[in-house]
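Please open the model in your viewer and keep the selection panel at hand.

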Amino acid sequence: MQTHGDRLLESLRDGRTVWLDGEKVDVTRHPAFRGTLRTVKELFDTLSREDVRDRVGFVSPRTGQYVHRAFLVPRSPGDLKKRREAFEYWARATRGMMSRLSEYARSLVTGWYASREAFRRFDPQFPDKISRYYESARDGDRIVTTAILDPQIDRRQKVGESSDPDLFLRVVRRTEDGIVVRGAKMIATGAPYAHDVILTPHQRLVRDDPTYAHMLIVPLNSPGLHIICRESFASEDPDRHPLSALYDEMDAVLVFDDVLVPWERVFLLGQAEGVWFAHTHQPFNQLANHQTVVRLLAKLEFVAGVAVAVAQAVGVDGFLHVQEKLGELITQVETVRGLLAAAEGRAECNEEGVFVPAKVPLQTARNLGLSYYPRAMDILQQIAAGGLIQLPSTTVERSGEIQPLLQRYFRGAEVPAEDRVRLFLLAWDLVGSPLGSRHELYERFYSGDPLRTYAAQYVNDDHRRLTEEVWRFLESIKEGTA
Ligand SMILES: Cc1cc2nc3c(=O)[nH]c(=O)nc-3n(C[C@H](O)[C@H](O)[C@H](O)COP(=O)(O)OP(=O)(O)OC[C@H]3O[C@@H](n4cnc5c(N)ncnc54)[C@H](O)[C@@H]3O)c2cc1C
């Protein structure tokens, strides 16, 4: 019987145009995608496996088949817990190293669907269109990704105000069947093996400009859509590069060389406020942010585990400054865990009957993650030090006639050389490999420009609760009542 994973792989032979190393490639056959797609298939197969499908899925009311819980509209604390369990299962299975497995973007779709009536004022067709899309994505197991930014060409320019037509994705024609769009978007992680991409302008528009003010969900096999991959960081050697062999989520730039987007996939057009509302709407954001924080926690836990194992393996865990650094990693983990619990504990049912996790703890966790992960890499480097380079080019088991020498000089304080070398190869894959560097960049930037995400935390905060107390105190000093 065909599993969810089998169907996924089959669905990717759909005429999509994926470019890698100057060639058009079939992602289901190319070695650069082999390990990653094996991982993604295994995750999708959790919905077919009787032993786990009730931890990651729920039964679609339409088809009676198991579908992913990212599509579950939370109506109670129990539903929110179910969503978290599903996110946790996939995040732990991938050590938090795969962030765009679609639960994030699927949650965005679920948020829009749950709040569809709030969009009616922008377009009366929105509720029906998003309902049809939500159901087809849920039941068709579609992988959805996002690509919010236009390419980094000239960041001085503003959308709708620039004379350079290449800077922002735009509508060049309307036809009976839909709109034709031209331009590019970066970065769309997972796009080579996703089905659909969510597109909205990144900047807030001031005018209801029908050229730029759109919200679209475009099929990634659309004619004229080029998916241009970065260099592959995938390894075919899991012994040497355990993470790169399994979890290289490919990043891509999308070029829309006059792509027809059918009306059914045009959710908003010429609606500046509607697009911004879609961008900032609470269920839409918080359901997705919930997933990113669950994933962040899994990743920080994994890194902390590697760091502790490294320290113990070479007997440095007894030194005070090493303990301090390991303590910092545990503090990171526990802070994010606490914020996640706070977001769930303070979840509220909104006027649409959706149980939404609290925004501020999620936003705080995401902002902390931007600096936590680079700091975690820094700590891992300081603890593992030259041990990251005191490595043979392969495992001890595969080292041929020098194996006895490796067993003697590459062992650890209390671990045999075979285990120490495997552990440090893993640490190097986190810290020093191309995939490792990409992850550091990812954690800094995936949620947007850190400068602006931090600033948003201030701008959106109710400052009065902070300042009122200060003014009260000064008043009491003035009056001598302090
Ligand atoms: C590996 C990776 C994967 C990603 N995957 C996705 C994805 O799947 N989907 C998605 O939507 N996004 C994704 N992103 C995020 C996105 O593509 C951008 O990287 C992110 O939004 C930051 O924009 P930028 O990289 O274009 O930086 P820029 O906006 O070009 O910023 C560059 C520098 O200039 C400064 N700067 C730029 N403009 C201003 C301004 N107006 N005022 C002050 N300072 C400014 C910034 O602070 C920064 O220091 C990913 C990012 C990475 C690194």
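Domain 1 and domain 2 bury about 1,800 Å² between them, buried area being the accessible area (1.4 Å probe) that two parts lose on being put together, summed over both. Carbon and sulfur atoms account for 55% of it. Select D239, R240 and L243: these supply 31% of the area that domain 1 buries against domain 2, more than any other three residues.

This is a predicted model, in which local features need pLDDT of at least 70 and side-chain atom pairs count only at pLDDT 80 or more, while totals for chains, interfaces and linings use all residues. Residues are numbered from 1 along each chain as its sequence is written, and side-chain values use heavy atoms, with hydrogens and water left out.

Next, colour residues 4-45 + 116-278 as domain 1 and 279-467 as domain 2; these bounds come from an automatic or database domain assignment. The C-alpha centres of the two domains lie 27 Å apart. The contact (heavy atoms within 4.5 Å) takes 24 residues from domain 1 and 21 residues from domain 2.

How many salt bridges does the rule find across the interface of domain 1 and domain 2? There are 4, where a salt bridge is a side-chain nitrogen of Lys or Arg within 4 Å of a carboxyl oxygen of Asp or Glu. Select R398 and D237, whose side chains meet in a salt bridge at 2.9 Å, N to O. Then move to R422 and D239, another salt bridge, with the closest N and O atoms 2.9 Å apart. R422 is in helix α12 (residues 417-431), whereas D239 is in the loop between β10 (225-229) and β11 (252-262), 183 residues apart; helices (H or I, at least four residues) and strands (E, at least two) are DSSP runs, numbered from the N terminus. R422 is partly exposed at 32% relative accessible area, and D239 is partly exposed at 26% (buried means under 20%, exposed over 50%, partly exposed in between; 1.4 Å probe, protein chains only).

Now select E443 and K299, which form a salt bridge at 2.6 Å, N to O. E443 lies in helix α13 (residues 434-445) and K299 in helix α8 (residues 282-313), so the pair ties together parts 144 residues apart in sequence. E443 is buried at 0% relative accessibility, and K299 is buried at 1%.

Finally, select R444 and E440, a salt bridge of 3.2 Å, N to O. Both lie in helix α13, 4 residues apart, about one turn of the helix.
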